[in-house]
Amino acid sequence: MKDRHIDFASALQSFFTDYMVRERGSSSNTIRSYRDTFVLLIDYLDEVRHIPPDRIELTHFDRDMLNAFLGW
């Protein structure tokens with residue numbers, strides 16, 4: 001059974017390499033913008049929710065968490 005935090009890291013990697021680059025053909029500026037947002041999200045989870053980056057799981061993501069992040 002895979003660890004969910006590995007699933008998140010794999011999903012994030014795939015999002016950037018497969019989806020943003022290959023499927024969408026996103027510009028480097030768009031990719032940097034998404035990257036910066038994910039860095040902020042990971043910082044939020046670490047600093048506010050006390051979830052270190054190596055412990056992030058897909059189950060941490062729900063509407064309430066994302067709304068709280070956006071308010072942060």
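Trainee: Where does Trp72 sit in the chain?
Mentor: Trp72 lies in the segment after helix 3, the helix that spans 63-71. Please keep in mind that this is a predicted model.

Trainee: Is Trp72 buried, partly exposed or exposed?
Mentor: Trp72 counts as partly exposed, because its relative accessibility is 47% and that class covers the range between 20% and 50%.

Trainee: Which residues form a nonpolar patch with Trp72?
Mentor: Leu40 and Val48 form the surface patch with Trp72. Together the three residues have about 290 Å² of accessible area.

Trainee: Let us step back to the fold. How many helices and strands are there in the protein chain?
Mentor: The protein chain has three helices and zero strands. Along the sequence, the pattern therefore reads α-α-α.

Trainee: And what box do the C-alpha atoms fill?
Mentor: Along the principal axes, the C-alpha atoms of the protein chain fill a box of roughly 35 × 35 × 20 Å.

Trainee: What share of the residues counts as buried?
Mentor: The protein chain has 72 residues, and 17% of them count as buried. The chain exposes about 5400 Å², with carbon and sulfur atoms supplying 51% of that area.

Trainee: What about contacts between residues 24 or more positions apart?
Mentor: Such pairs account for 50% of the contacts in the protein chain with a separation of 6 or more.

Trainee: Now to charges. How many salt bridges are there?
Mentor: The count comes to two salt bridges. One of them joins Asp18 to Arg22, with the closest N and O atoms 2.3 Å apart. In the other, Arg35 pairs with Asp36, and the closest N and O atoms are 2.8 Å apart.

Trainee: How are Asp18 and Arg22 placed in helix 1?
Mentor: Helix 1 comprises residues 4-23, and Asp18 and Arg22 are four residues apart within it, so about one helical turn separates them.

Trainee: Last one: how far apart are the mean positions of the positive and negative charges?
Mentor: The protein chain carries 9 positive and 12 negative charges, and their mean positions are 6 Å apart.

Terms used
Residues are numbered from 1 along each chain as its sequence is written. This is a predicted model: local features need pLDDT of at least 70, side-chain atom pairs count only at pLDDT 80 or more; totals for chains, interfaces and linings use all residues. Side-chain values use heavy atoms; hydrogens and water are left out. Helices (H or I, at least four residues) and strands (E, at least two) are DSSP runs, numbered from the N terminus. Buried means under 20% relative accessible area, exposed over 50%, partly exposed in between (1.4 Å probe, protein chains only). Contact means heavy atoms within 4.5 Å. Accessible areas come from the Shrake-Rupley method with a 1.4 Å probe; for residues, only the protein chains shown count as cover. Lys and Arg count as positive and Asp and Glu as negative; His and the chain ends are not counted. The place of a charge is taken as NZ of Lys, CZ of Arg, CG of Asp or CD of Glu. Patches are made of residues with over 30% relative accessible area and no salt bridge: like charges are joined within 9 Å, nonpolar side chains (Val, Leu, Ile, Met, Phe, Trp, Tyr) within 5 Å. A salt bridge is a side-chain nitrogen of Lys or Arg within 4 Å of a carboxyl oxygen of Asp or Glu.
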